[in-house]
Amino acid sequence: MTRSATSAEAAAASAKAFTPTPFRLPTPSPFCRDISIDTGHGYRVAASVWSSSSVASSRGEKSSSSSSPGGGRLRVLAMHGFLDNAATWDVFLGRIFAVAPDALEVVAIDFAGHGFSDHWPRQCNYALAEQAEAAALVVDQLGWESFALLCHSMGAEIGCLIAAALNDRVSHYIAIEGLGPWRGVKPMSATEDLRLYIDSRNRMFRPKKVHETVDAAAAARMKGMHPLSRDAARTLIRRSLSPADAPSSPTTSPPSSSTSSTSSTTSSSSTAGVIWSSDQRVSLPFQYVYAESAVAEFLAAISCPTLTVWGHTGMWNEFNVRGRAGLLGGGATVVTMPGGHHLHLEPDTAGPAIMETLLWLERQGVAVPYLAGKCAEDVLLPNNVGSPVKRLVLQKEEDRAKELDSMLTARL
């Protein structure tokens, strides 16, 4: 085969979405099952569904809620942070479903280029607006007319765009460690961002590092941009890995290089182990840039109530949280509590965030029977019953903060 022919094949391959091969680990709960959603636009989105009907499905039974969409439960689209995946919600949702399996219907997605979702073609980028459109396609495919957003970090950035653009469909916006697109402590100019993007794109095509074992991959993830405990890292890599000898994305080799007809596969003698399943191009800069004026416009367009939760050692100082929260069209409750950037994922800090979320939903009129049948605090707050929590409620009613405090005291 000639060089021109192989180059043409490589170009054709890179113009299509690429589906990574999952290195599958067990799901964390009988209430969780993994699915794949065809967006109808040439690519698929992988997701975890959290629902009491997942148990019935695994047993081959018909769900009791199938006759009524959502079964009266609050439908929630859950979105993860940068370089994370849907497993970021395994601890948070696992504890909720342990005590309130019929309260929510959650679809936690892997963003494009993350987890087990498709990698977009080379000519596409992973801009926040593009990811927001993909998420909107998912809820359309699910047939959801109304839904809530549960978001972390980059997911909260994308959630802001969705809640603004679809403000007639988004009922609640829950943002953990994020509120609108991030600009950093010392943001670069748009020109500097673009220059870095072009330079970085030319250096993106490199082989992925092979980790010999899952434990080795977990150890590497512990040392990421936001350090994780061993337990949290092992939870997150449930949807992070591909076998090292699986077909690789055509976007990982330069478009001008010569590629053999067997480039998408490896021989049986290839190195064993695992690699990250994410597309390396998601790390390119400039894809996530918005001016603060645009962020303000998005926030003002959000008409639903907002809960935003921040860890004491998280990214509070990198956002103008109070200023941004004050712009939200539907008002906001701002909560700070012990924990870092992944406070919802860490087993020792997830509890207070869960309790605050359930109490806030109850205040919004969402029935969450999380105390029915057993003492929920033993599940939700195993180590943090006395953890200090601070709240700032930005609503027209001055007694909202007192109301929340009294409810929390009554529950605990």
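1. Four elements each supply at least two residues of the lining of the largest cavity: β3 (74–79), α3 (90–99), β5 (147–152) and α11 (350–363). Helices (H or I, at least four residues) and strands (E, at least two) are DSSP runs, numbered from the N terminus. The model is predicted: local features need pLDDT of at least 70, side-chain atom pairs count only at pLDDT 80 or more, and totals for chains, interfaces and linings use all residues. Residues are numbered from 1 along each chain as its sequence is written, and side-chain values use heavy atoms, with hydrogens and water left out.

2. The search of the whole structure finds 1 cavity of 30 Å³ or more. The volume of the largest cavity is about 70 Å³. A cavity here is a set of points, on a 1 Å grid over the protein atoms alone, where a 1.4 Å probe fits but cannot get out; lining residues have an atom within 4 Å of a point. Grid points are joined across faces, edges and corners, and the volume is the space filled by probe spheres set on the points.

3. The lining of the largest cavity consists of Leu-74, Val-76, Phe-92, Ile-96, Leu-104, Ala-148, Leu-150, Ile-174, Thr-357 and Leu-361. By class, 9 are nonpolar, 1 is polar and none is charged. Ala, Val, Leu, Ile, Met, Phe, Trp, Tyr, Cys and Pro count as nonpolar, Asp, Glu, Lys and Arg as charged, and the others, Gly among them, as polar.

4. Helix α3 is mostly covered, with 8 of its 10 residues buried. Buried means under 20% relative accessible area, exposed over 50%, partly exposed in between (1.4 Å probe, protein chains only). The buried set is Asp-90, Val-91, Phe-92, Leu-93, Arg-95, Ile-96, Phe-97 and Val-99. Phe-92 and Ile-96 also line the largest cavity.

5. Strand β4 (104–109) has 6 of its 6 residues buried. Leu-104, Val-106 and Ala-108 lie on one side, Glu-105, Val-107 and Ile-109 on the other. β3 pairs with β4 in the parallel sense over 6 bridges, and Val-76 stands opposite Val-106. Strand β2 (residues 44–50) pairs with β4 in the antiparallel sense over 4 bridges; there, Ala-47 stands opposite Ile-109. Two strands pair if DSSP finds at least two bridges between them.

6. Strand β9 (residues 306–311) is mostly covered too: 6 of its 6 residues are buried. Thr-306, Thr-308 and Trp-310 point one way, Leu-307, Val-309 and Gly-311 the other. Strand β6 (residues 170–176) runs parallel to β9, joined by 4 bridges. Tyr-173 has Thr-306 as its bridge partner. Strand β10 (residues 332–337) also runs parallel to β9, with 6 bridges. Trp-310 is partnered by Thr-336.

7. Two loop residues deserve a look. His-211 sits between α6 (190–201) and α7 (214–222), and is buried at a relative accessible area of 5%. Beyond neighbours within four places in sequence, His-211 contacts (heavy atoms within 4.5 Å) Ala-216, Ala-217, Ala-220, Gly-273, Val-274 and Trp-276. Cys-124 is in the loop between β4 and α4 (128–142). Cys-124 counts as partly exposed, at 28% relative accessibility. Cys-124 and Ala-17 are 107 residues apart in sequence, yet 9.8 Å apart in space, C-alpha to C-alpha.

8. For the whole chain, the tally is 13 helices and 11 strands. Of its 412 residues, 53% count as buried. Among contacts with a separation of 6 or more, 80% join residues 24 or more positions apart.

Conventions:
1 Å grid on protein atoms, 1.4 Å probe; cavity = no way out; pocket = protein on both sides within 12 Å on 5 of 7 lines; lining within 4 Å.
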